[in-house]
Amino acid sequence: TAAVDLSCVWHNLEYMACAWRPGENTSSDTNYTLFYWFDGLENPKKCSNFSVDQGVFECIFNLTFPKATSAYPAISILIRDDSEEIRPVCANKNPTTLVKPATPRQLTLSKTNDKIDVKWSESETFPKSCLHYEIQHYNGDLDTGQISTVTVHENSCKSYKSFPSFSETNSVSIDGIDVNSKYTFKVRAKPKPECYNSDFHSDWSEEKSIGDKRNSTIYFVLIITIPLIVAVSTIILLVYLKRLKILILPPIPDPREILKRMFGEQNEDSQVGKKL
């Protein structure tokens, strides 16, 4: 009946959030309490920022250390119920494996010729050079555009994956763009392994776009309209040429028809004269 599936995340080196589920056969009115302690605290502290959502318990407590800290103490977690009828759960957490950076903010884009410069805000809580950034962008619409990824390492001389770009600050330049296309960017951060042994990324930043979007509706209308205009123009031209031909080259009468009409009229006149 003890709490199960305990997991903790150290958000932006500012606070730790621990979540767990109640054990089997646990009463629905069970009240859990989380205590934490680490080397440097005189006494264990009680976590008071407590919540329950769809059967998952969570408690959040502040956890900060000076930026110059090179070694972080293990965090001891104790979860028990108020009645002490449920077996308590104890766990030691290495905070460096639980680090999740905050979402990069203030993403800005600027375009110069065939290059786009991408910049974002610098973290205020992480030591310098302890984060690297992943930039994802796509060209055109999300459904049809091609997604590319750039991994930028601060104070390094190379980046990985799609583009050979690097940055000593929170920025990167993307070359070889189509000046007539729309580009959309987003950024996320990840701790460097030499600082924190964590696999958590930050959430993706808000997307920002630059450039003009090609209007596919206009292209579709043009594809339909141009052949139709050509066909109608051809018909009108053919009718006009036929009339013009009649004016320039009128039909030549058939001499045989003329002679037939002439002799036919003479025969009629002679027959009328005989009757008279």
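This is a short tour of the structure, stop by stop.

Before you click, note that the model is predicted: local features need pLDDT of at least 70, side-chain atom pairs count only at pLDDT 80 or more, and totals for chains, interfaces and linings use all residues. Residues are numbered from 1 along each chain as its sequence is written, and side-chain values use heavy atoms, with hydrogens and water left out.

Start with the sheet. Select β4, β3, β7 and β8: these 4 strands make an open, antiparallel sheet in the order β4-β3-β7-β8. Its edges are β4 and β8 (89–93), each pairing on one side only. (Strands are DSSP E runs of at least two residues and helices are H or I runs of at least four, numbered from the N terminus; two strands pair if DSSP finds at least two bridges between them.)

Now zoom in on β7 (residues 75–81), joined to antiparallel β8 by 5 bridges. Pick Ile75 and you'll find Lys93 of β8 opposite.

Next, hop to Gly40, in the loop between β3 (32–37) and β4 (45–46). Gly40 counts as exposed because its relative accessibility is 63%; the cut-offs are under 20% for buried, over 50% for exposed and partly exposed in between, with a 1.4 Å probe and protein chains only.

Leu237 is partly exposed, at 48% relative accessibility.
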